[in-house]
Amino acid sequence: MAELRFFRRSKFNYAPASYAANSTDSILSASIGDLVGAAFCNVRVVFNGTNVNHSSALGDDGDVDRFMTTTNVGDTATGLKRGTGAGLTETLGYLYTTANTIDVTFVADTAGDGTTGNIDWWVYIAKINP
């Protein structure tokens with residue numbers, strides 16, 4: 001009988017290097033055979049700024065919101081959110097066939113005056129031998 005055992009990988013208290021600039025930050029590694037089955041985030045401190053049009057997404061270099069879209073994250077309100085990106089709508093999740101990184105894409109508000117905001121990220125991964 002086959003069994004999948006998912007393990008949590010986490011990045012706590014993520015904040016961009018600059019709240020005034022767009023960035024892509026690698027937060028976790030992904031190896032060949034990693035199957036991402038779920039992704040969650042907890043916005044601990046809301047992202048501020050006079051133009052509250054900043055956003056965060058979770059994905060990789062192939063799809064910046066593969067696991068969590070900007071709608072999923074909703075970084076202007078605190079709380080736990082579940083990812084529904086395209087990589088998680090497949091039957092079992094998203095399987096990495098090459099090594100990669102899981103990245104947060106942060107888009108700053110257009111006024112560039114944000115000064116707060118942080119997020120905890122959780123990704124549940126099982127190891128598959130393809």
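**Close-up views of a predicted model**

View 1. Thr69 sits in the loop between β5 and α1 (70–73); helices (H or I, at least four residues) and strands (E, at least two) are DSSP runs, numbered from the N terminus. The model is predicted: local features need pLDDT of at least 70, side-chain atom pairs count only at pLDDT 80 or more, and totals for chains, interfaces and linings use all residues. Residues are numbered from 1 along each chain as its sequence is written, and side-chain values use heavy atoms, with hydrogens and water left out. Apart from neighbours within four places in sequence, Thr69 is in contact with Ser56, Ala57 and Gly85, contact meaning heavy atoms within 4.5 Å.

View 2. Arg66 belongs to strand β5 (residues 63–68) and is buried at 12% relative accessibility. Buried means under 20% relative accessible area, exposed over 50%, and partly exposed in between (1.4 Å probe, protein chains only). Arg66 lies over the face of Tyr94, 4.0 Å from the ring centre; the criterion is NZ of Lys or CZ of Arg within 6 Å of the ring centre and within 35 degrees of the ring normal. Leaving aside neighbours within four places in sequence, the contacts of Arg66 include Leu58, Asp60, Leu88 and Tyr94.

**View 3. Aromatic pairs of Phe67.** The whole structure contains seven aromatic pairs. Rings of Phe, Tyr and Trp (its six-membered ring) pair if their centres lie within 6.5 Å; planes under 30 degrees apart count as stacked, over 60 as edge-to-face and the rest as tilted. Phe67 and Tyr94 are edge-to-face, with ring centres 6.2 Å apart and planes at 65°. This pair links Phe67 in strand β5 with Tyr94 in strand β7 (residues 94–95), 27 residues apart. Both Phe67 and Tyr94 are buried. Phe67 also forms a tilted pair with Tyr96, at 6.5 Å centre to centre and 55° between the planes. Tyr96 lies in the loop between β7 and β8 (100–107), so its pair with Phe67 ties together parts 29 residues apart in sequence. Relative accessibility is 0% for Phe67 and 2% for Tyr96.

**View 4. Salt bridges at Asp34.** Four salt bridges are present in the structure, each a side-chain nitrogen of Lys or Arg within 4 Å of a carboxyl oxygen of Asp or Glu. Arg9 and Asp34 form one of them, with the closest N and O atoms 3.2 Å apart. Arg9 is in strand β1 and Asp34 in strand β3 (residues 34–45), 25 residues apart. Asp34 is buried, with a relative accessible area of 1%, while Arg9 is partly exposed at 28%. Asp34 also meets Lys127 in a salt bridge (3.5 Å, N to O). Lys127 lies in strand β9 (residues 118–127), so this pair ties together parts 93 residues apart in sequence.

**View 5. The Asp120 and Arg44 salt bridge.** The closest N and O atoms of Asp120 and Arg44 are 2.8 Å apart in their salt bridge. Asp120 is in strand β9 and Arg44 in strand β3, so the pair joins parts 76 residues apart in sequence. Asp120 is buried, with a relative accessible area of 3%; Arg44 is partly exposed at 42% relative accessibility.
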